Structure formats: structure tokens, C-alpha cells
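Here are some notes to go with the model, as promised.

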Amino acid sequence: MAMQSKRHAVVDTSLCVACGACMEVCPRGAITVWKGSYSVVDDALCIGCGLCARECPASVIRVEDRP
Amino acid sequence: MKKSHWYNYLWIWAVVYFAMGFFNILFAWLGLIDFFLPLIFAVGFGNKGFCNRYCDRGQLLRALGSQKGFSRRKDAPDWMKSRAFRYGFLVFFLVMFMNMLYATYQVFAGASNLREVVTLFWTIHVPWEWAYHGGAAPWAAQFAFGLYSIMLTSAILGILTMLAYKPRSWCVYCPMGTMTQLICRAKAGTREEEKTS
């Protein structure tokens with residue numbers, strides 16, 4: 001298995017507006033909007049680049065160290 | 001740079017829509033597409049495919065804010081992102097929409113005359129009589145003026161918050177977005193129950 005990035009994107013699903021702006025910018029195609037309700041990041045694909053966090057209009061995505 | 005998809009060019013529709021309504025207000029009826037499509041996605045398929053890909057407004061704000069770099073990219077204030085504001089704005093928007101339908105009905109019933117104005121921010125009347133050349137019932141024209149007013153007001157709000165905050169800040173408090181997310185969440189909830197029972 002490929003080595004994982006040190007950091008990854010974490011979504012506060014309670015305040016996500018499900019607009020899909022993050023999905024649009026993700027270079028890895030790691031983000032989907034789950035049933036029109038909130039964004040979900042595929043942790044295995046996320047490289048922690050932070051483009052989604054920069055784009056998120058509700059600012060509910062943080063790039064954090066992986067546990 | 002990611003490659004563009006065809007739907008990234010849907011911002012052109014937003015520009016064409018406002019341009020057509022400037023010359024003939026009856027084209028404003030086409031704005032109903034932006035009301036029905038998101039509801040069809042949400043009610044029919046339980047997703048926000050419209051917001052996520054095909055919203056001309058979202059693509060316009062992305063093109064101007066993200067790609068052209070007109071957005072300051074600051075965090076929107078907390079109140080703007082709060083559920084209270086989002087739901088409150090949805091209710092306000094629906095009330096004003098009903099108000100517009102009532103004005104249409106009044107013209108239909110002959111209780112009031114057609115007002116050839118575009119109303120910005122629900123208060124400012126902008127003369128727009130050059131865009132109506134007859135060719136439709138007065139009530140149909142009244143509805144067109146009303147819908148164009150709503151579309152233009154929300155576009156201006158969207159562009160202002162695009163400049164001040166994130167490119168797609170409008171999406172946070174967009175009434176259609178809030179409504180379709182509520183529908184999707186409700187549908188997702190019931191589907192989860194179906195799965196577990």
C-alpha cells in the first residue's frame with residue numbers, strides 16, 4: 001500500500017452545506033457529496049493538499065494531522 | 001490545473017439569461033429552470049447534483065471568484081453560516097416568492113395594473129419598461145418582472161459575497177440550496193431506516 005500523507009482533510013458535516021465546491025477542486029477525486037447531505041472525504045485518496053479547505057464557502061473543512 | 005468539464009461553462013447561461021431579460025422580460029420565465037431542476041434532483045434522486053455541477057450561478061461565482069481571482073477568500077462571518085440565518089433566509093425568500101405570486105394573481109384578476117419595474121432587494125424599483133413589448137398576457141409579464149427581480153437580486157447578493165468572502169459564499173445561504181439539502185437529508189434519513197429495518 002502506498003504511503004499515506006501526514007495530513008488529511010476533515011469535514012464538519014454538521015455545518016456542511018453540500019454545495020460540492022470541494023469536490024470540484026479536489027485533484028484526487030477524493031470527495032463526494034453523500035446523498036446531497038454533506039461532503040465525505042475518502043481518507044485513502046486524500047493527500048492533505050488543502051485545496052478543498054481553501055474553496056469551502058462555509059469554511060467547514062480543516063486539514064489536520066492524521067491520527 | 002484540473003481539466004474543465006462542459007458544465008464549468010454553464011456560467012454562460014447566467015449571463016445570457018440576464019442579457020435576454022434586459023431586452024425582453026418574458027425570457028425571465030426561463031429562470032424557473034433554476035427552481036425546478038434542483039428540486040427534481042433532490043426529490044427524484046435524493047442528491048444535490050444541481051448544486052454540485054449544473055448550477056449556472058455556482059459556476060459563475062466559481063469562474064469569477066476562483067478562476068479570475070476576484071474573491072478575497074475570507075471566511076464568511078459565523079452568523080452567515082449559521083442554521084438560523086440559512087433557514088431564516090429560506091423562509092424570507094419563500095414569503096417574498098409568494099408575495100410575487102400574489103402580485104401576479106392581482107394582475108391576472110384585474111385588481112391591479114402591470115408594473116413594468118424590476119425590484120431590487122425587494123424595495124428598490126428600477127424602471128424596466130423597455131423590455132416589455134406586449135405579446136403576452138399582462139399577468140405573464142408581471143410574473144416575468146417578478147422572477148427577474150428575484151434572480152437579479154440574488155445574483156447581486158451572490159457576487160457581493162463572492163467578492164467579500166469565498167467564491168461560492170452564496171451557496172451557503174442560497175435558498176434553493178438550503179431547501180434541497182433539507183429534502184436530501186430527510187430522504188437520506190428515511191433510506192437509512194429502510195436499510196436497518
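1. Start with charge pairing between the chains: two salt bridges turn up across the interface of chain A and chain B, a salt bridge being a side-chain nitrogen of Lys or Arg within 4 Å of a carboxyl oxygen of Asp or Glu. One of them joins the side chains of Glu55(A) and Arg73(B), at 3.1 Å from N to O.

2. A word on ground rules. This is a predicted model, where local features need pLDDT of at least 70 and side-chain atom pairs count only at pLDDT 80 or more, while totals for chains, interfaces and linings use all residues; side-chain values use heavy atoms, with hydrogens and water left out. Residues are numbered from 1 along each chain as its sequence is written, and chains are lettered from A and ligands numbered from 1 in the order in which they are written.

3. Polar contacts next: 16 residue pairs link chain A and chain B this way, both residues at pLDDT 80 or more. The term means a pair of N or O atoms within 3.5 Å; within protein, one must be able to donate a hydrogen and the other to accept it, and residues adjacent in sequence count only if both atoms are side-chain atoms.

4. Which elements of chain A touch chain B? Those giving two or more residues are helix 1 (21-25), strand 2 (31-34) and helix 2 (51-55) (DSSP runs numbered from the N terminus: helices are H or I, at least four residues; strands are E, at least two). Helix 1 of chain A gives the largest share, four residues.

5. As for extent, 27 residues of chain A and 31 residues of chain B are in contact (heavy atoms within 4.5 Å). About 2,200 Å² is buried between the two chains, 44% of it from carbon and sulfur atoms; that is accessible area (1.4 Å probe) lost on being put together, summed over both parts.

6. Now the cavities: the whole structure has four of 30 Å³ or more. Each is a set of points on a 1 Å grid over the protein atoms alone where a 1.4 Å probe fits but cannot get out, and lining residues have an atom within 4 Å of a point. Grid points are joined across faces, edges and corners, and a volume is the space filled by probe spheres set on the points.

7. The largest cavity comes to about 240 Å³. Its lining has 20 residues, with Cys55(B), Arg57(B), Trp170(B), Cys174(B) and Met176(B) closest to the centre.

8. The second largest cavity is about 90 Å³. Of its 14 lining residues, Ala9(A), Cys26(A), Cys46(A), Cys49(A) and Cys52(A) lie nearest the centre.

Notes:
On a 1 Å grid over the protein atoms alone, a cavity is a set of points where a 1.4 Å probe fits but cannot get out, and a pocket is an open set with protein on both sides within 12 Å along at least five of seven lines; lining residues have an atom within 4 Å of a point.
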